[in-house]
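Hi there,

Here is the structure I promised to pass on to you. Have a look at it first, and then read my notes below.

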Amino acid sequence: MLAGKRILLIVGGGIAAYKCLELIRRLREREASVRVIMTAAAKQFVTPLSLASLSGDKVYDDMFDLTDETEIGHIQLSRDADILMVAPATADLMAKMATGQCSDLATTCLLATDKPVMIAPAMNVRMWEHAATQRNLEILRSDGVHVVGPNEGDMACGEYGPGRLAEPAEIIEALSARLGSPLDDLEGPRLAGKTILITAGPTQEPIDPVRYIANRSSGKQGYAIGAVAANLGARVIIVSGPTRLDPPPGAEVIPVETAEEMLKAVQDEMPVDVGIFAAAVSDWRTAGASEQKIKKDGSGHVPALELTENPDILATIAKDKKNRPGLVIGFAAETENVVENAKAKLERKGCDWVVANDVSPSTGVMGGDENTVHLVTSDGVENWPQMAKSDVAARLVDRICNELDEGVWT
Ligand code: CTP
């Protein structure tokens, strides 16, 4: 998905700069072209010669280099790119970006560009956690900048915590998701400043310490919506039951297991602008999970499971007069009478839209990559063709943006 894409890689001055060598190598293996700008500080950590050798191009570092300005110019550098990737994004670079400073070639290109910008922060854990850096991060996110990482782990400075540069593979995945997404015509920070909360995945309701009740939901649809919304600059919070998925770049995932935990996590994040309830929440939990593993007693006696109803997260939030999101979207997983059941759910749960899907085993929707949905609103029903879950996500988020543009909710 990166073949033929042009990446302007801005290397900041941090110990993690060496990982850029591997990043460039892997990008070129995928037939992307890489042009490199380094800051003065970056040269303390990695040499221009190594970067030039791997990228197969000269390295740009001087805004006032006459030859560069006549041949290519700093504005042209970003014009020629499909995306600007800052790695490592130091605290200093982030601060400069957040305040629009342009004191060298790197920051000037970042200010002069109208292309998507992605940053992979890397710094000491205390610098990352400092209120100033977190403030700058929020500003950058609301400007539509995509953020990959940082990861948590041992740091070169001997401390432990978040602040490690995302691995080259993760950066490549984020770039592929951004550049190869079905959203290429859904450009710009259309959701900047908005917070979107998504529930996703199954819940697991314990029977005893080793057994639980769950379902076949993979979480893919909810995560795909999160990826698209984050791409468009939204702050995305995914309250997620157990899944095998990686958090989409730029989204925050709050892991939960049970329906009760999911409700609490969702309520703790309110208010938000849009709530999308894509989780397959277990309707019931055991009336009292056993604290010890339930054993066979050898008599052939089969224990009966007593169930009790779980809270309805969607209905609770949609009917919350104080904290209701401006737009509440539910899903309806049905195996028959899909549209009629979805219309009834729209009414009963008090949401604005319902995305209805047929989850009969023959459709392969549960766990699969495709989905056939109907969008049910108070205006009627739209039948969407079968498409990839990422395309369903793109179309749904596009609809949310249009609703926002029309000022239906604020
Ligand atoms: N939902 C929820 N909390 C629950 C059950 C469902 O938030 N305890 C949400 C789902 O995330 C989805 C919508 O409600 O957005 C509909 O879920 P679905 O499983 O289709 O419907 P149910 O309410 O469980 O009704 P039924 O099982 O009878 O079809």
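H374 has N383, in strand β21, as its bridge partner. Strand β20 (residues 373-377) pairs with β21 in the antiparallel sense over 4 bridges; strands are DSSP runs of E with at least two residues, numbered from the N terminus, and two of them pair if DSSP finds at least two bridges between them. Strands of a sheet pair through backbone hydrogen bonds, either parallel or antiparallel.

A word on the source: this is a predicted model, where local features need pLDDT of at least 70 and side-chain atom pairs count only at pLDDT 80 or more, while totals for chains, interfaces and linings use all residues. Residues are numbered from 1 along each chain as its sequence is written, and side-chain values use heavy atoms, leaving out hydrogens and water.

Back to the sheet: it is open and mixed, with 8 strands in the order β13-β12-β9-β14-β17-β18-β20-β21. Because β13 (251-255) and β21 (380-383) each have a single partner strand, they stand at the edges, and one side of each has no neighbour in the sheet.

Now the ligand. Among the 14 residues around it, F277, A279, F331, K345 and K349 come nearest (around means a heavy atom within 4 Å). Which atom of K349 lies 2.4 Å from an oxygen atom of the ligand? A polar side-chain atom does. For F277, a polar backbone atom is 2.5 Å from a ligand oxygen, and for A279 a polar backbone atom is 2.7 Å from a ligand oxygen.

Enjoy exploring!

Terms used:
Polar contact = N/O pair within 3.5 Å; in protein donor to acceptor, adjacent residues only side chain to side chain.
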